[in-house]
Amino acid sequence: MFKKIPLSINKKYLFILACAILVVVLLYPRNKIIIWAWERNENLTFLNSDTVVAYYAGSVILENGRMAISKRIQPLRLGSETKVIPVIRIDNFDTVKELTAPRMKQMEDFIIQTCDQNLVVGCQVDFDVKSSEREVYKALISSVRERLPKNLPLSMTALVSWCDTYSWI
């Protein structure tokens, strides 16, 4: 009736889930609820001040040798005291394994400008990197971390496959 899953796999995914929960608890201990707001017209003014809103803040798209940076288009209405976590999405449709210094700087600047604002309690970069892009992602995250205020948490997308057999994190 039910397929039995080997215990080693259960432990591995339980460990990954526990780590994810621990990161959220450690990074945002005063806030019990984090609401996600994607790119659509959102009115969240009813939320109390204990709630954090993680929201789509914009994207960086690499395609055909070009880079396009776009900020959130749809309105996001929040209470005056609502804490936020901007999420910046990166999509690489090119086969480039490394970025030029000016492009990397543009990406960093966009992330820093988006995350270094009032009421921001964290910053997240969302980039589902291929194995050939890992070094670029590491360099980007390291550089952004150096430039953000030290007390501002920085998180990144981590796919389960990155923590599996061929872990690179």
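Which residues of H3 are buried? I began my notebook with that question and then worked through the rest of the chain.

**Entry 1: ground rules.** I noted that this is a predicted model, in which local features need pLDDT of at least 70, side-chain atom pairs count only at pLDDT 80 or more, and totals for chains, interfaces and linings use all residues. Residues are numbered from 1 along each chain as its sequence is written, and side-chain values use heavy atoms, with hydrogens and water left out.

**Entry 2: the chain as a whole.** I counted three helices and eight strands. Here helices (H or I, at least four residues) and strands (E, at least two) are DSSP runs, numbered from the N terminus. Read from the N terminus, the order of elements is α-β-β-β-β-β-β-α-β-α-β. Of the 169 residues, 37% count as buried. Buried means under 20% relative accessible area, exposed means over 50%, and partly exposed lies in between (1.4 Å probe, protein chains only). I also looked up contacts, meaning heavy atoms within 4.5 Å. Among contacts between residues at least 6 apart in sequence, 70% join residues at least 24 apart.

**Entry 3: helix H3.** I returned to my opening question. The buried residues of H3 are Val136, Tyr137, Leu140, Ile141, Ser143 and Val144. Seen down the helix axis, they fall within an arc of 165°, so they line one face of H3. That arc is taken from the directions from the helix axis to the C-beta atoms. An α-helix has 3.6 residues a turn, so residues three or four places apart point the same way. On the other side of H3, Glu135 and Glu146 are exposed. The cover over the buried residues of H3 includes E6, H2, E7 and strand E8 (154-156).

I then checked the length of H3. The helix has 14 residues (134-147), which should span 20 Å at 1.5 Å a residue, and its end C-alpha atoms are 20 Å apart, which agrees. The expected span is 1.5 Å times one less than the number of residues.

**Entry 4: strand E6.** Why do I call E6 largely enclosed by the rest of the structure? Nine of the ten residues of E6 (residues 83-92) are buried, so the strand is largely enclosed. I looked up its partners next; two strands pair if DSSP finds at least two bridges between them. E3 (residues 51-63) runs parallel to E6, and ten bridges join them. In this pairing leucine 62 stands opposite asparagine 92. E6 also pairs with E7 (residues 123-126) in the parallel sense, over three bridges. There valine 87 stands opposite glutamine 124.

**Entry 5: the disulfide.** I took a disulfide to be a pair of cysteine sulfur atoms within 2.5 Å. By this rule the count comes to one. Cysteine 115 is joined to cysteine 123, with S to S at 2.0 Å. The torsion about their S-S bond is about 60°, so the disulfide is right-handed. Cysteine 115 is buried, with a relative accessible area of 1%, and cysteine 123 is buried too, at 0%.

**Entry 6: positive phi.** Asparagine 64 has a positive phi of about 55° although it is not a glycine. I found asparagine 64 in the loop between E3 and strand E4 (66-71), exposed at a relative accessible area of 63%. Leucine 119, also not a glycine, has a positive phi of about 70°. Its loop lies between helix H2 (101-115) and E7, and leucine 119 is partly exposed at 31%.
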